[in-house]
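Me: I'd like to go through this model with you in questions and answers. Could you show it to me, please?

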Amino acid sequence: SIYKIKTDGTARQKINYDTTWHINLSEDWIYYINTNDEYGIYKIKTDGTEHQKIYYDRSWDINVQGDWIFYINLDDEVSIYKIKTDGTARQKINDEWSRYINLSEDWIYYIGSYKDKYSIYRMNTDGSARQPVD
């Protein structure tokens, strides 16, 4: 579950009752993977209201940037997808095994497959300009 607490240790509050992984905070929303619902993508307001399912893909490694959620789709050969935070405009970004994604500006960084010796790669957030990171 997600909890929040003040920095002085007071006012501890439970936000949700889901088994929660890969928490991302963006403005007044918390985005996360709900393993109670077979790894679906969810969001909830930081005050615990407006709990919503965004999309069901068996997901992992979510990263929120602006209006987009980038994630690993476990049902599609562990490739990278993105979807709008309102659940629309879902797009596949790459066609390869990918793990541990992270975003920085217009780049997605990730680890490639064992065939690539688990090397680090980057590509634009639209899936173009894939290149190894030295």
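Reply: Let's begin with a definition: two strands pair if DSSP finds at least two bridges between them. Strands themselves are DSSP runs (E, at least two residues), numbered from the N terminus. This is a predicted model, in which local features need pLDDT of at least 70 and side-chain atom pairs count only at pLDDT 80 or more, while totals for chains, interfaces and linings use all residues. Residues are numbered from 1 along each chain as its sequence is written, and side-chain values use heavy atoms, with hydrogens and water left out.

Me: Over how many bridges do S9 and S10 pair?
Reply: Strand S9 covers residues 79-84, and its pairing with S10 is antiparallel. Lys82 has Gln91 of S10 as a bridge partner. The number of bridges over which S9 and S10 pair is 2.

Me: Is Gly66 buried or exposed?
Reply: Gly66 sits in the loop between S7 (59-65) and S8 (68-73). The scale is relative accessible area: buried is under 20%, exposed is over 50%, and partly exposed is in between (1.4 Å probe, protein chains only). Because its relative accessibility is 53%, Gly66 counts as exposed.

Me: Which residues is Gly66 in contact with, leaving aside neighbours within four places in sequence?
Reply: Contact means heavy atoms within 4.5 Å. Lys84 is 18 residues away from Gly66 in sequence, and their C-alpha atoms are 9.0 Å apart. The contacts of Gly66 beyond those sequence neighbours are Ser26 and Thr85.

Me: What is the angle between the planes of Trp21 and Trp60?
Reply: Rings of Phe, Tyr and Trp (its six-membered ring) pair if their centres lie within 6.5 Å; planes under 30 degrees apart count as stacked, over 60 as edge-to-face and the rest as tilted. Trp21 and Trp60 are a tilted pair at 5.4 Å centre to centre. Trp21 lies in S3 (residues 20-26) and Trp60 in S7, so the pair ties together parts 39 residues apart in sequence. The angle between their planes is 40°.

Me: How is the aromatic pair of Tyr110 and Tyr121 classed, and what is its angle?
Reply: The ring centres are 5.9 Å apart, and the pair is stacked. Tyr110 in S12 and Tyr121 in S13 are 11 residues apart. Tyr110 is buried at 1% relative accessibility, and Tyr121 is buried at 9%. The class is stacked, and the angle is 25°.

Me: Which residue's charged end sits over the ring of Tyr121?
Reply: A charge sits over a ring if NZ of Lys or CZ of Arg is within 6 Å of the ring centre and within 35 degrees of the ring normal. For Tyr121, the charged end is 3.8 Å from the ring centre. That charged end belongs to Arg130.

Notes:
Helices (H or I, at least four residues) and strands (E, at least two) are DSSP runs, numbered from the N terminus.
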